[in-house]
Amino acid sequence: SERHLFDSPIGPVQVLMDPVTLDLWSCLPAPSTLHEKTPLYDDLQDALSHCTPLPSRYTHHQESPEWALHFWSILCRIPRGETVTYGELCRLNALPLGYARAVGRLLSQNRYMILLPCHRVVPADRSIGGYRWGVEQKRRLLDYERGISHHDDAGRRT
């Protein structure tokens with residue numbers, strides 16, 4: 001497998017994948033020591049840059065319990081810029097509401113930041129909630145999807 005660096009609304013992300021089979025093994029924040037951007041597949045860069053679904057020819061290797069076999073594909077159907085609660089996600093997956101905590105634990109193990117949009121899931125009170133890569137990153141992703149821009153300390157739009 002190979003590591004490649006891509007741009008995203010919250011900074012560089014590193015993708016570990018097999019370039020022949022298009023099997024994805026992870027998509028995580030890039031270590032700060034990586035600065036070089038490696039060109040790869042335009043559709044993967046587009047998905048990461050615009051928070052859009054990845055074409056079906058890519059295969060995610062996300063471990064899931066048996067009750068969550070279709071969970072990740074349903075998660076990807078949450079419209080860009082919108083959120084659902086953990087309970088609503090349970091209902092969409094035909095799971096009892098009692099699975100909401102298990103769904104939260106499953107999302108916390110997501111290895112495909114942005115590509116499997118767990119940032120679109122919020123607590124029942126509709127607050128921002130938690131995020132594996134930090135609440136500020138979650139807020140930035142949701143704001144980006146909603147067309148809300150941020151500015152850095154120098155006043156540049158991010």
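The largest pocket of this predicted model has a volume of about 210 Å³. A pocket here is an open set of points on a 1 Å grid over the protein atoms alone, where a 1.4 Å probe fits, with protein on both sides within 12 Å along at least five of seven lines. Its volume is the space filled by probe spheres set on the points, which are joined across faces, edges and corners. Rolling a probe the size of a water molecule over the atoms shows where empty space is left. The pocket is lined by 15 residues (each with an atom within 4 Å of a point), and the closest to its centre are H60, W72, S73, C76 and L116. Helix 2 gives the most to this lining, with three residues.

Helices (H or I, at least four residues) and strands (E, at least two) are DSSP runs, numbered from the N terminus. Residues are numbered from 1 along each chain as its sequence is written. Local features need pLDDT of at least 70, side-chain atom pairs count only at pLDDT 80 or more, and totals for chains, interfaces and linings use all residues, while side-chain values use heavy atoms, without hydrogens and water.

Beyond its neighbours within four places in sequence, L75 is in contact (heavy atoms within 4.5 Å) with L89, L107, L116, P117, C118 and V121.

The strands form an open sheet of four in the order 1-2-3-4, with mixed pairing; two strands pair if DSSP finds at least two bridges between them. Strand 1 and strand 4 stand at the edges with a single partner strand each, so one side of each has no neighbour in the sheet. Strand 2 and strand 3 run antiparallel and are joined by five bridges, with P29 in strand 3 as the bridge partner of V13. Five residues lie between these strands in their hairpin, where L22 takes a positive phi near 60 degrees. Strand 3 and strand 4 (residues 59-60), by contrast, pair in the parallel sense over two bridges: D23 stands opposite T59, and L24 stands opposite H60.

Helix 1 (residues 42-50) has D43, L44, A47, L48 and S49 buried, where buried means under 20% relative accessible area, exposed over 50% and partly exposed in between (1.4 Å probe, protein chains only). An α-helix has 3.6 residues a turn, so residues three or four places apart point the same way. The buried residues of helix 1 pack against strand 1 (2-6), strand 2 (13-17), strand 3 (23-29) and helix 5 (135-145). In helix 5, the buried residues are K138, L141, L142, D143 and E145, and they pack against strand 6 (121-122).

The cysteines complete the account. C51 counts as buried at 2% relative accessibility, and C27 is buried with a relative accessible area of 0%. A search of the whole structure finds zero disulfides, a disulfide being a pair of cysteine sulfur atoms within 2.5 Å.
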